Amino acid sequence: LQGIAVCGRCGRKLNVAYDGGRGHARPVYQCPGRILVENRGSWCMRVGGMQIDQAVAGALLAALTPAGVKAAVQAAEALEQDHDAALEQWRLQVERAKYQAERAERRYRQVEPEHRLVARGLERDWEKALGQLAEAEAELTLREQQRPRTLTDTEREQLLALGTDLGRVWAAPTTSDRDRKQLLRTLIDEVILDVQREHDRALVTVRWNGGAITELAVALPRHQPTIR
């Protein structure tokens, strides 16, 4: 979670350190903000990262199981249907604006030339209606260009197969930690950590790139007092 882990107490980015000997190093997330306790500096927050890393990875793989991917595909299709319904409303608005513009034009052309004052007012109404029509057409064009791209049948099959494949890729010995970091960042924007020592747990808030939030409670190993 290096670079995307955030302190849930002060909002600072968390640093990553490693405890243990070579070959047995364990990640530790610590907040760079220091506070004074009894005239000594102490970490704002410091927590071991192994259980947290496993929990976040589990949330990622759970989101990409076949069932999760199927739900995402269905959500994409629903979004496309909503977009089509919204476009139909904008097309109706363009039709109304066009009708108002044509109506204003007819009223202007029917006025007698000697009624100049009336003609000027009707001309302004016509120009205003034409402006509203142009705005409605421009908005419709913009929204048509923002249409969500429709998934092909091949893409749907590939997405549904992704959940099974990704689990094997994640656990494969040939997959490096750098690869796992890149996979995490394709979907996860930020991970907020807070520690409740009295309950021996960490509260983990995963903020996905799409804006969704997942909250996890991760049990932490209890601190064992040193026996002298």
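Student: How many bridges join β2 to strand β3?

Tutor: In this predicted model, β3 covers residues 26-30 and runs antiparallel to β2. The number of bridges that join β2 to β3 is five.

Student: Which are the edge strands of the open sheet of three strands?

Tutor: The strands of this open sheet follow the order β2-β3-β6, with antiparallel pairing. An edge strand pairs on one side only. The edge strands are therefore β2 (15-19) and β6 (46-48).

Student: What angle does the direction of helix α1 make with that of β3?

Tutor: Neighbouring strands of the sheet are turned by 30° against each other on average, direction ignored. Helix α1, residues 50-63, packs on this sheet and touches both β3 and β6. The direction of α1 makes an angle with that of β3 of about 90°.

Student: Which element supplies the largest share of the largest nonpolar core?

Tutor: This core has 29 residues, of which L1 and V56 touch the most other members. Elements that each supply at least two residues include β1 (5-7), α4 (153-171), β7 (188-196) and β8 (201-208). The largest share is five residues, and it comes from α1.

Definitions and conventions:
Residues are numbered from 1 along each chain as its sequence is written. This is a predicted model: local features need pLDDT of at least 70, side-chain atom pairs count only at pLDDT 80 or more; totals for chains, interfaces and linings use all residues. Side-chain values use heavy atoms; hydrogens and water are left out. Two strands pair if DSSP finds at least two bridges between them. Helices (H or I, at least four residues) and strands (E, at least two) are DSSP runs, numbered from the N terminus. Axes are lines fitted to C-alpha atoms, for helices over the stretch in contact, and angles run from 0 to 180 degrees between N-to-C directions. Contact means heavy atoms within 4.5 Å. A nonpolar core is a set of buried Ala, Val, Leu, Ile, Met, Phe, Trp, Tyr and Cys residues joined through side-chain atoms within 4.5 Å. Buried means under 20% relative accessible area, exposed over 50%, partly exposed in between (1.4 Å probe, protein chains only).
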